[in-house]
Amino acid sequence: MSSTRTTPPSPPGTGRSVRRPGDRVFAGTAKGAGILILVILAGVAAFLVVEAVPALTAPAEEIPGDGGLVGYVVPLVFGTLLAAVIALLVATPLAVAIALFIGYYAPRRLAQGLGYLVDLLAAIPSIVYGFWGIFWLAPKLVPFFEWLERNLGFIPLFAGPASTTGRTMLTTGLVLAVMILPIVSAISREVFLQVPSLHREAALALGATRWEMIRMAVLPYGRSGVIGGSMLGLGRALGETMAVAIVLSVSGGITFNLISSGNPSTIAANIALEFPESSGIDINTLIASGLALFVITLAVNMLARAIVNRRAEFSGAN
Amino acid sequence: MSQTSTAPVATGSSASGGPRGTRRTGRTGRLARWAPWACFAGAAVVVGVLWPLFDLNVALFVLYTVVLGTLAVYLLTRTVEGSRQATDRLVTCLVVSAFGLAMVPLVSLVWEVVSRGAARLDGEFFNSSLVGIVGEGGGAYHAIMGTLVITALTTLISVPIGLMTAIFLVEYARGRLKRAITFLVDVMTGIPSIVAGLFAYALFAIFFGPGIRLGIMGAIALSVLMIPVVVRSAEEVLKLVPNELREASYALGVPKWRTIVKVVVPTSIAGLGTGVTLAIARVVGETAPLLITLGITNATNLDPFDGRMATLPVYAYYQLTQPGVPPQFATDRAWTAALVLIILVMGLNVVARLISRFFAPKSGR
């Protein structure tokens, strides 16, 4: 309670004012809600651990597959990281370009509306992205995959044989890229807006072209914001479930071959696909893999937030 | 475009030459404004002529046109205006095409969903469930109602907690607790939706035994996703309330909690409404947590404390992935469900915008 005594716009200046019961109840409720957030987050971790323990302690032969728990989770972690990294590599440059377009290239009058269009991409439910990915994008990419196999087949990534359905790791990565695009671009846009206009005007006044102004004033200033934003996008891509579950054709195993029909699954998609028909120790195994996903995304998100917040602290014209 | 700053040099060295046009000798010349457009038009014509030779499709046509046009703009600018201007134009082309590229998924997705989903957007879809349906007909009444029940329940759980947390953060909290909660709310925004579902399952499995499926589990899973969104948006809005209003209220001897309830919240009610609506829009399309906490049924079950329930996203998923023997009918239903879902989400987004427009506090000045 002592923390609530020194409230921001300090109440009536009569020194120690009377504590009304209404105040006490209200402040207590508010504080309780705040602490509940901490409890929920701790609860998520705790309950996942409790339900994962049977899988962690079970003998290796009871775990699905034959490699024990580690053999079960590692290919999933690999698939998760691979899909997310593809998404990140595709989405980040595109998102930065879009942020620059909306901030510095688009006509002022249109900029806000165009920004809203990009934000619409974030509003579309992930299952609809899955529908779009499997029915529209995947078939359209098949000729492209065949071209890759013919011309760049010597690179292990494109060794093929090219999938005939297009439901490959590369397609999944592209769908994820579209899904994280609005997040990365929204945060980049926000940071680019914070660039002190003095910096930009100084660059222009010295005769810089628009690109030189952006390269010298905007990008260095916004770099950490872009990094943080793309890491938030990475966190989203790591945890994305339905789009991957629908689009990716899964066979397990670890492979860097991006365009064949045999791909490792991702943790989240594997849970969505297996959970409804599982029981007993299988469920515990899935929850253990979910715990791994939770830890990975938590680490990525914390790092991202730390980077974004560090920027926010000394933003402004300094 | 604002490169008139180099004008002194230009006029000094090119007094004899015309100010505009495509002088090829000096590096200080200026291209006409229409020159880049002309480059792209020319590229389109060239690629169009080559169309029959290379057996192109529309996507490749656009791709080659953009690449060729960009190249032409770059080279032309480089010879006429110099390399710095050329780089500038090149980046402009790249940035604009990046935006165009980002619009491709949006447009194609909306087109695909509308054109495929419109077929079954009829009365039966909204009025009947899937009980006894094999093949043609049937609808998503049970799933739509299920989604409404679950979403309402989620909102009931999340909004009070989220709102009170935001009030705590803005009005009461100081120091380390405030920083900790703010940071963890941010982190919570990033919890994967499937993990939230697993959490709800684990919570109930401990108390009710494994294999449990309840509507309330889904609502709790969605609350884990919705609370941080509500907190973030409410916090932003509450911060915007001017301190003078609070101080005026204190000066009249109004207790702090009544100040919050009667002054701060009403002032920011438009923003709060917008934030809550957007948060609902965020969770209404969530599939993964509901898939593992609610499962699916074919019958209508509106009691969130009694067994499996159908929801629209999960319904769409199962209709698509387990369509039954003639898959066409179920696939059609899946697309219509996706269309209804998109309409729902977009509708909520529009409502959010309307709220912020019509309920915004009247500015006194």
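This section describes a predicted model of a complex of chain A and chain B.

The predictor assigns the complex an ipTM of 0.85 and a pTM of 0.86. Chain A has a mean pLDDT of 85, and 92% of its residues score at least 70. Residues 1–15 of chain A fall below 50 in pLDDT. Beyond near neighbours in sequence, that stretch makes 18 contacts in the model. For chain B the mean pLDDT is 84, with 91% of residues at 70 or more. Residues 1–26 of chain B stay under 50. The model gives this stretch of chain B 23 contacts beyond four places in sequence. Where pLDDT is low, predicted coordinates should not be read in detail.

Chain A is built from 11 helices and 0 strands. Its pattern along the sequence is α-α-α-α-α-α-α-α-α-α-α. Along the principal axes, the C-alpha atoms of chain A fill a box of roughly 75 × 60 × 30 Å. Chain A has 318 residues, and 50% of them count as buried.

Chain B contains 15 helices and 0 strands. The radius of gyration of chain B is 29 Å, well over the 21 Å that the globule rule gives for 365 residues, so chain B is more spread out than a compact globule. The C-alpha trace of chain B spans about 90 × 75 × 35 Å along its principal axes. Buried residues account for 46% of the 365 residues in chain B. Of the contacts in chain B between residues at least 6 apart in sequence, 70% join residues at least 24 apart.

Chain B is divided into two parts: domain 1 (19–118) and domain 2 (125–358). The C-alpha centres of domain 1 and domain 2 of chain B are 43 Å apart. Contact between them involves 4 residues of domain 1 of chain B and 5 residues of domain 2 of chain B. On the domain 1 side, the touching residues comprise 2 nonpolar, 1 polar and 1 charged.

The contact between the chains takes 77 residues from chain A and 85 residues from chain B. Helix α2 (residues 21–57) of chain A supplies the largest share of the chain A side, with 19 residues. By class, the chain A side holds 53 nonpolar, 17 polar and 7 charged residues.

The largest nonpolar core has 198 residues. Within this core, A:Val128, A:Ala272, B:Phe199 and B:Ala338 touch the most other members. Helix α3 (residues 68–105) of chain A gives the largest share of the core, 19 residues. The core also draws at least three residues from each of domain 1 (19–118) and domain 2 (125–358) of chain B.

A:Ala272 shows how the largest core involves residues of both chains. Leaving aside neighbours within four places in sequence, A:Ala272 is in contact with A:Thr241, A:Met242 and A:Ala245 in chain A. In chain B, A:Ala272 is in contact with B:Ile194, B:Ala288 and B:Leu291. A:Ala272 is also one of the buried residues of helix α10 of chain A. In that helix (residues 267–274), 7 of the 8 residues are buried, so helix α10 is largely enclosed by the rest of the structure. The buried residues of helix α10 of chain A are A:Ile267, A:Ala268, A:Ala269, A:Asn270, A:Ile271, A:Ala272 and A:Leu273.

A:Tyr104 lies in helix α3 of chain A. A:Tyr104 has 18 C-beta neighbours inside 10 Å and counts as partly exposed, because a residue is buried only with 20 or more. Beyond neighbours within four places in sequence, A:Tyr104 is in contact with A:Arg210 and A:Ile214. A:Tyr104 and A:Val247 are 143 residues apart in sequence. In space, their C-alpha atoms are 36 Å apart.

Methods:
Residues numbered from 1 in each chain as written. Chains lettered and ligands numbered in written order. Predicted model: local features only at pLDDT ≥ 70, side-chain atom pairs only at ≥ 80, totals over all residues. Contact = placed C-beta atoms within 7 Å. Helix = DSSP H or I, 4+ residues; strand = E, 2+ residues; numbered from the N terminus. Nonpolar A, V, L, I, M, F, W, Y, C, P; charged D, E, K, R; others polar. pLDDT = per-residue confidence, 0-100. Rg over C-alpha atoms; globule rule 2.2 N^0.38 Å. Buried ≥ 20, exposed ≤ 12 C-beta atoms within 10 Å, placed from the backbone. Domains from an automatic or database assignment. Core = buried A, V, L, I, M, F, W, Y, C linked by C-beta atoms within 7 Å.
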